[in-house]
Amino acid sequence: MTVVVRETRETTVRVEIVNEPARIEIATSVPFLDHMLTTLARYMGSGVIVSARGDLKHHIIEDVAIAFGTALAKHAPAFPARFGDRTVPMDDALVQCVIDIGGRPYYRGGLPSSLYEHWMRSFADSARATLHIRVIRGWDRHHVVEGAFKALGFALRQALRPGDDVMGTK
């Protein structure tokens, strides 16, 4: 189990990643964020417990991303598979996520929501992950963002699997 607590003047966030995949409890006071985190945890195949409260939706979304990314970096095995890639269709949307959890933060995306574009960037920075989200097509913002969270969950499932001791060639 990995626990991260983030407290600022604006928010209080607690994220737990547990070894019970069916245990998903999300309560952030932002309904769409709750839906996306539930989706992410389910497709990631990990139990996730998140509680958050704060002053503004933007602050809650950002601080949850930071705490979740920090928890994920701490939760990763010593020698993970490291890389993950998944393309997910969701009705009109088709979204690809490619991730490297090897310790080099970088984000490149283009989600049609500034709040969830910021979530992905904050998550990647805090997880120390290289994250690319590519929206191949889609016109419904909900479907595009949800497709991105599903693809991220699947890609993390791959990247977090135990690998060998070769994390790089440098």
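This is a predicted model: local features need pLDDT of at least 70, side-chain atom pairs count only at pLDDT 80 or more; totals for chains, interfaces and linings use all residues.

The chain holds four helices and eight strands. Trace it from the N terminus and the order reads β-β-β-α-β-α-β-β-β-α-β-α.

Next, the overall dimensions. The C-alpha trace spans about 45 × 35 × 30 Å along its principal axes. For 170 residues, a compact globule would have a radius of gyration near 15 Å; the chain has 15 Å, so the two agree.

Now the surface. Of the 170 residues, 47% count as buried. The chain exposes about 8,400 Å², and carbon and sulfur atoms supply 49% of that area. As for charge, there are 21 positive and 19 negative ones, and their mean positions lie 4 Å apart.

Turn to helix α3, residues 114–127. Its 14 residues reach 20 Å from first C-alpha to last, close to the 20 Å expected at 1.5 Å a residue. Which residues of α3 are buried? They are Tyr116, Glu117, Trp119, Met120, Ser122, Phe123, Ala124, Ser126 and Ala127. These buried residues pack against three helices by name: α1 (31–44), α2 (57–75) and α4 (141–159). They also pack against the strands β6 (93–100), β7 (106–108) and β8 (130–137). After α3 comes arginine 128, with a positive phi near 55°.

Note on methods. Residues are numbered from 1 along each chain as its sequence is written. Side-chain values use heavy atoms; hydrogens and water are left out. Helices (H or I, at least four residues) and strands (E, at least two) are DSSP runs, numbered from the N terminus. The radius of gyration is taken over C-alpha atoms; the globule rule is 2.2 Å times the number of residues to the power 0.38. Buried means under 20% relative accessible area, exposed over 50%, partly exposed in between (1.4 Å probe, protein chains only). Accessible areas come from the Shrake-Rupley method with a 1.4 Å probe; for residues, only the protein chains shown count as cover. Lys and Arg count as positive and Asp and Glu as negative; His and the chain ends are not counted. The place of a charge is taken as NZ of Lys, CZ of Arg, CG of Asp or CD of Glu. The expected span of a helix is 1.5 Å times one less than its number of residues. Contact means heavy atoms within 4.5 Å.
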